[in-house]
Amino acid sequence: MRRALLLGFAATATIASACAPGTLGSGAEAGPAPGQQPHLHAPAARALHSYATRLQAAHTARVAAARRWHLRRVPLTAPPPPARKPRIRTREGFEVDGHRNRNLPPVFTTVPTRHKVVFLTIDDGAEKDPEFLRMTRELGIPYTAFLSDYLIKEDYGYFRRMRADGATLNNHTLHHPYLPALSYARQEREICGMQAVMEKRYGTRPTLFRPPFGNYDKSTLIAAKSCGIKYVPLWSEEVFVDHWDYREWDRDLHPGDIVLSHFRGRAHWKGTMPDMMRRFLDKVTAKGYAVARLEDYL
């Protein structure tokens with residue numbers, strides 16, 4: 001019994017080493033010397049050691065990827081998804097008439113959580129940079145894409161590869177119009193039409209929708225609900241290649257914040273999608289935040 005406990009503590013120490021944050025070059029890659037693995041007999045101890053070994057290997061790979069992509073620090077690993085999902089409510093001041101009585105999708109900028117996590121969301125689909133896919137895949141960074149058909153139809157396959165890497169694809173209308181200026185029927189065509197495109201091209205109808213420019217009215221939310229939309233996430237911060245914008249007065253990150261960016265390259269920005277991701281990761285990691293998957297909290 002005492003031996004099993006000691007082995008458990010040793011494996012747990014390995015897990016702690018694998019998950020410990022650190023700046024690049026700080027010795028974060030150090031692990032047990034070759035040939036120094038303990039003899040494990042108890043099944044529970046072997047399972048724990050195997051888990052710790054996998055964590056160590058994943059961390060080592062992330063350290064190498066962080067160096068390869070010139071990050072200042074190794075991105076932190078998000079905690080497991082909550083077993084009990086937080087209740088999502090519409091942010092105060094973002095309601096429309098009859099929002100609660102009609103049970104319309106909640107509009108929110110932050111997810112209730114005590115964990116130091118943020119959620120990256122990327123809109124439209126204009127830039128299709130293969131290096132961005134490689135970077136996010138190698139670093140294991142989750143994100144949610146909100147896509148408009150007029151921008152993605154020239155290369156549906158790019159976003160199919162994105163989904164295969166673990167990203168989730170959601171609705172951002174067919175043509176990215178200013179929705180409050182449209183009739184209910186036209187808003188419904190924009191939202192439900194994109195639902196049909198997503199089902200045809202990617203096999204599922206999204207449950208998340210982001211209105212273009214973050215603008216909506218009562219008709220928008222009624223139409224979205226009729227198309228199967230359950231959530232309307234907006235954002236608290238927006239990250240660009242060369243700066244950040246903030247919704248809140250304190251100009252800072254908060255647990256559960258949703259961060260917006262766009263699929264943009266040198267034609268629109270002074271840099272690339274990997275440049276944007278580097279700025280995003282360097283800041284959130286320096287602030288002690290991990291990047292989590294938005295859908296895991298909904």
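1. Helices (H or I, at least four residues) and strands (E, at least two) are DSSP runs, numbered from the N terminus. Threonine 109 is found in the loop between strand S1 (107–108) and S2. This is a predicted model, in which local features need pLDDT of at least 70 and side-chain atom pairs count only at pLDDT 80 or more, while totals for chains, interfaces and linings use all residues. Residues are numbered from 1 along each chain as its sequence is written, and side-chain values use heavy atoms, with hydrogens and water left out.

2. On the chain as a whole, 8 helices and 9 strands are assigned, and 48% of the 298 residues count as buried, where buried means under 20% relative accessible area, exposed over 50%, and partly exposed in between (1.4 Å probe, protein chains only). The protein chain exposes about 14,900 Å², of which carbon and sulfur atoms supply 52%; these accessible areas come from the Shrake-Rupley method with a 1.4 Å probe, and for residues only the protein chains shown count as cover. Of the contacts (heavy atoms within 4.5 Å) with a separation of 6 or more, 73% are between residues 24 or more positions apart.

3. To return to threonine 109, this residue is buried, with a relative accessible area of 3%, and its side chain makes a polar contact with the side chain of arginine 91 (2.9 Å). A polar contact is a pair of N or O atoms within 3.5 Å; within protein, one must be able to donate a hydrogen and the other to accept it, and residues adjacent in sequence count only if both atoms are side-chain atoms. Not counting residues up to four places away in sequence, threonine 109 touches a set that includes Phe94, Trp235, Arg247 and Asp257.

4. In helix H3 (residues 130–139), the buried residues are Phe132, Leu133, Met135, Thr136 and Leu139. They cover an arc of only 165° around the axis, which puts them on the same side of H3; the arc is that of the directions from the helix axis to the C-beta atoms. At the start of H3, a side-chain oxygen of aspartate 129 reaches to within 2.8 Å of the backbone nitrogen of glutamate 131, and after H3 comes glycine 140, whose phi is positive, near 70°.

5. Cysteine 192 lies in helix H6 (residues 184–202) and cysteine 227 in the loop between helix H7 (218–226) and strand S5 (232–233), so the pair ties together parts that are 35 residues apart in sequence. The torsion about the S-S bond is about -75°, so the disulfide is left-handed. Cysteine 192 is partly exposed, at 22% relative accessible area, whereas cysteine 227 is buried, at 4%.

How values were computed
Disulfide = S-S within 2.5 Å.
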